[in-house]
Amino acid sequence: MGVVAVVTGLVLVCHSLVPNTPGNLGSLLETVLPWTGLAVPALLLAALVRRSVPAVVAALLLGAVWSALFASLFLDGSGGGGPNLTVVTHNVNADNPDPAATVRTLLAVDPDLVALEEITDEALPAYRGPLDRRLPHSVHIGTVALWSRYPITESRRVTIDPGWSRSLRALVQGPKGPLAVYVVHLPSVRVGASGFTTGRRDETLGALVRALDDERRKKVLLLGDLNGATTDRGLEPLTSRLASVEGSGGTGFGFSWPAAFPVTRVDHILTRGVTPTDAWTLPATGSDHRPVAAGLRA
């Protein structure tokens, strides 16, 4: 039991040293890294049953290591003050059987911005009707869309994946000036015989980062399904430029996928020049993802 605790602790502390070759093993480990905490109660219980003091100490030390890495996510990092902008992003799933109920869930938080991914042409009217009544300004490009309470003065496709139009940039005239808002859906990843397949995601991520490097607006929001956790080294080029609202304003992991029993957060709200005041996950809808929301001072 002591050996298991030490090895798990080393994995937690040295996860960045786990190689990504072969099969992107390091990225896969980092995607599920918070779940290593389950080893703590299991080892502690086993140590108590065995009445082994060294094993108890090892389990408690492992708990301390895990807490040092993740406990801050459960503390209020907003620094006080209320939001002036509430935003929601949701991969609605192309096969969503009840778009109307999905929209009701999103509008229940009285959002100022709603970003949707994986919208089909057939389902678009079901989303557009109720959203237009509450959020009169919108842009729809390919399979992504944005609705806003505030005027959208510019919009264009952001070409990160030439074969699929699933990212856009809009300039929103927010409560205290313009915000550059990106809505993004990065390619899916899979776990299979060849390992953790992140190649297409990482390639399009590089194109997205280049677009963000050219962004001249001080206030930037990025909303969408990134098909990766912020702990995954593969997203580091993005997370080094934009801050996660869940990391700075949320209270918990905010897991969003799969909806029935979320095990990781692949849906994100990232910011630059904007202060998060809160971040949370909405109830499950007809999608295989859960919506995520944030309060911002923008």
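Reader: In which strand is the place of Thr89?

Author: The model is a predicted one. In it, Thr89 sits within the run of residues 85–91, and that run is strand E1.

Reader: Is Thr89 buried or exposed?

Author: The relative accessibility of Thr89 is 1%. The cut-off for burial is under 20%. Thr89 therefore counts as buried.

Reader: With which side chain does the side chain of Thr89 make a polar contact?

Author: Thr89 touches Ala115, Glu117, Leu223, Gly224, His268, Ile269, Pro291 and Val292, leaving out residues up to four places away in sequence. The Thr89 side chain also reaches the backbone nitrogen of Gly224, at 3.3 Å. The side-chain partner in a polar contact, at 2.9 Å, is Glu117.

Reader: How are H1 and H4 oriented to each other?

Author: H1 covers residues 2–13 and H4 covers residues 53–70. Their axes come within 9 Å and cross at roughly 15°. Angles under 35 degrees count as roughly parallel. H1 and H4 are therefore roughly parallel.

Reader: Which residues of H4 make the contact with H1?

Author: The crossing of H1 past H4 is left-handed. On the H1 side, the contact is made by Gly2, Ala5, Thr8, Gly9, Leu12 and Val13. On the H4 side, the residues are Ala58, Ala59, Leu62, Val65, Trp66, Leu69 and Phe70.

Reader: How many nonpolar, polar and charged residues does that contact of H1 with H4 have?

Author: Sorted by class, the contact of H1 with H4 has no charged residues.

Reader: Now H5 and H6: at what angle do they pack?

Author: H5 spans residues 99–107 and H6 spans residues 124–134. Their axes are 8 Å apart. H5 and H6 are therefore roughly parallel, and the packing angle is about 25°.

Reader: Which residues of H6 meet H5, and what is the hand of the crossing?

Author: H5 contributes Pro99, Thr102, Val103 and Leu107. These meet Ala126, Tyr127, Pro130, Leu131 and Arg134 in H6. By class, the contact of H5 with H6 has 7 nonpolar, 1 polar and 1 charged residues. The crossing of H5 and H6 is right-handed.

Reader: What is phi for Asn24 and for Arg51?

Author: Most residues other than glycine have a negative phi. Asn24 lies in the loop between H1 and H2, and Arg51 has its place in the loop between H3 and H4. Arg51 is exposed, with a relative accessible area of 77%. Phi is positive in both: near 55° for Asn24 and about 55° for Arg51.

Reader: How far apart in space are Leu205 and Glu236, C-alpha to C-alpha?

Author: Leu205 lies in helix H7, residues 199–213, and counts as buried at 2% relative accessibility. Beyond its neighbours within four places in sequence, Leu205 is in contact with Leu186, Gly234, Leu235, Pro237 and Leu238. Leu205 and Glu236 are 31 residues apart in sequence, and their C-alpha to C-alpha distance is 9.9 Å.

Reader: And how far apart in space are Val18 and Ser240?

Author: Val18 lies in the loop between H1 and H2. Among its contacts outside four places in sequence is Arg233. Val18 and Ser240 are 222 residues apart in sequence, and from C-alpha to C-alpha they are apart by 20 Å.

Methods: Residues numbered from 1 in each chain as written. Predicted model: local features only at pLDDT ≥ 70, side-chain atom pairs only at ≥ 80, totals over all residues. Heavy atoms only, no water. Axes fitted to C-alpha atoms, helices over the stretch in contact; angles between N-to-C directions. Helix = DSSP H or I, 4+ residues; strand = E, 2+ residues; numbered from the N terminus. Parallel < 35°, antiparallel > 145°, perpendicular 65-115°, else oblique. Left-handed = near helix turned anticlockwise from the far one by under 90°. Contact = heavy atoms within 4.5 Å. Nonpolar A, V, L, I, M, F, W, Y, C, P; charged D, E, K, R; others polar. Buried < 20%, exposed > 50% of the residue type's maximum accessible area, 1.4 Å probe, protein only. Polar contact = N/O pair within 3.5 Å; in protein donor to acceptor, adjacent residues only side chain to side chain.
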